[in-house]
Amino acid sequence: MFHETELYYFSPTGGTKKAGEIFCRGIAKTVKFVNLGLREKAIEQPDNELVVVAAPVFGGRIPSVAAEKLNRLDGNGKKAVTLAVYGVRAYEDALLELNQILEARGFQVIASAALVAQHSIVPEVGQGRPDEQDEEAILDFAKKVLNKEEKGEEDQVKVPGNYPYKNGMNMAVSPISLPSCVQCGTCASVCPVGAIRLESDAVVTDVQACILCMTCTAVCKKRARVLPSPLQEGMNQKLGALKDIRRENEFFL
Ligand SMILES: Cc1cc2nc3c(=O)[nH]c(=O)nc-3n(C[C@H](O)[C@H](O)[C@H](O)COP(=O)(O)O)c2cc1C
């Protein structure tokens with residue numbers, strides 16, 4: 001067991017953080033959380049022997065905001081475990097992208113996993129995941145990572161995915177604020193890309209800047225921040241068939 005590890009995570013609606021935290025508790029006594037979704041210029045550099053990096057899958061890729069931050073880390077030969085967290089559909093090139101970013105930054109990626117969480121746009125898909133069964137599987141993986149570490153095995157991990165990666169998402173749509181919005185400004189303050197601003201009596205969103213991460217919808221206490229209904233209905237239709245599928249987590253050591 002490590003004394004401490006760092007969890008670098010981007011988790012707009014909490015699923016990625018939850019999955020990452022389960023894993024970290026399996027390998028270390030203390031976890032230091034580094035939120036990649038904060039709009040700060042500087043990024044905290046890792047000081048532990050082994051760091052954990054968890055990112056959600058957006059359109060089969062790592063969200064650009066997370067990739068940009070990770071590209072500013074200095075690995076200096078430190079070990080890393082990567083977790084791509086996805087909502088049942090597919091993770092495509094995301095885990096490969098995550099590993100290639102970290103390797104280019106000087107980390108040695110010793111283990112990886114593609115973990116399933118509730119879909120942040122259609123919550124009926126993967127509802128409640130990671131659940132108890134996932135927790136058991138993730139903790140078992142954590143044990144195997146510790147074993148690999150103890151034995152000093154240095155095998156480089158190989159994960160699925162293609163390079164060049166598939167094109168990133170570019171939808172030019174964003175959540176909207178309903179008339180029930182009280183303009184408290186919480187959505188604007190948490191938006192990881194600064195796409196939301198309050199203007200006299202309206203909440204204005206820059207659709208070009210918005211990455212559709214859903215942070216703003218998740219924090220709105222009034223439930224007044226939602227996707228436009230044609231988009232929500234389209235997503236429900238597109239992903240609805242996945243609600244009865246239990247996709248299993250995949251582990252790479
Ligand atoms: C814009 C967007 C794109 C997504 N693309 C995918 C995808 O390609 N494949 C998939 O299985 N899930 C996809 N999801 C679902 C998320 O990967 C999943 O819900 C993840 O757990 C979200 O992390 P969070 O709970 O930390 O926000 C997408 C979600 C969003 C908001």
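Which helix and which strand each supply at least two residues of the shell around the ligand?

1. Shell and secondary structure. The model is a predicted one. Helix H1 (15-27) and strand E4 (79-86) are the elements in question, each giving at least two residues to the shell around the ligand. The ligand is surrounded by 25 residues, and the closest are Ser11, Thr13, Gly15, Thr16 and Val57. By residue class, the shell divides into 13 nonpolar, 11 polar and 1 charged.

2. Ser120 places a backbone N or O atom 2.8 Å from an oxygen atom of the ligand. For His119, a polar side-chain atom lies 3.2 Å from a ligand nitrogen. A polar backbone atom of Gly14 is 3.5 Å from an oxygen atom of the ligand. On its own the ligand has 640 Å² of accessible area, and the protein covers 97% of this. The site itself is the largest pocket, where the ligand sits.

3. Ser11. This residue, one of the closest to the ligand, is found in the loop between strand E1 (2-9) and H1. Its relative accessible area is 15%, under the 20% limit, so Ser11 counts as buried. The side chain of Ser11 reaches the backbone nitrogen of Thr16 at 3.3 Å. Thr16 is also listed among the residues closest to the ligand.

4. Arg61. The loop between strand E3 (50-56) and helix H2 (64-70) holds Arg61. Is Arg61 buried or exposed? Arg61 is buried, because its relative accessible area of 18% falls under 20%. Its side chain makes a polar contact with the side chain of Glu97, at 2.8 Å.

5. Lys221. The loop between helix H6 (215-219) and strand E9 (225-226) contains Lys221. With a relative accessibility of 82%, which is over 50%, Lys221 therefore counts as exposed. Lys221 and Leu73 are 148 residues apart along the chain, and their C-alpha atoms are separated by 34 Å.

6. Cis peptide bonds. Most peptide bonds are trans. The bond that joins Arg129 and Pro130 is cis, with omega about 0°. Pro130 has its place in the loop between strand E5 (108-116) and helix H4 (132-151). A cis bond also runs from Tyr163 to Pro164, with omega near 0°. Pro164 lies in the loop between H4 and strand E6 (176-177).

7. Positive phi at Ala172. Most residues other than glycine have a negative phi. Ala172 has a phi near 50°, a positive value in a residue other than glycine. Its place is in the loop between H4 and E6, the loop that also holds Pro164. How exposed is Ala172? Ala172 is partly exposed, because its relative accessible area of 40% lies between the 20% and 50% limits.

8. Positive phi at Met214. Met214 is not a glycine, yet its phi is positive, at about 80°. The residue lies in the loop between strand E8 (202-205) and H6. The relative accessible area of Met214 is 6%, which is under 20%, so Met214 is buried.

How values were computed:
Residues numbered from 1 in each chain as written. Predicted model: local features only at pLDDT ≥ 70, side-chain atom pairs only at ≥ 80, totals over all residues. Heavy atoms only, no water. Near = heavy atom within 4 Å. Polar contact = N/O pair within 3.5 Å; in protein donor to acceptor, adjacent residues only side chain to side chain. Areas by Shrake-Rupley, 256 points an atom, 1.4 Å probe, with all protein chains shown as cover. 1 Å grid on protein atoms, 1.4 Å probe; cavity = no way out; pocket = protein on both sides within 12 Å on 5 of 7 lines; lining within 4 Å. Sits in = over half its atoms within 2 Å of the grid points. Helix = DSSP H or I, 4+ residues; strand = E, 2+ residues; numbered from the N terminus. Nonpolar A, V, L, I, M, F, W, Y, C, P; charged D, E, K, R; others polar. Buried < 20%, exposed > 50% of the residue type's maximum accessible area, 1.4 Å probe, protein only.
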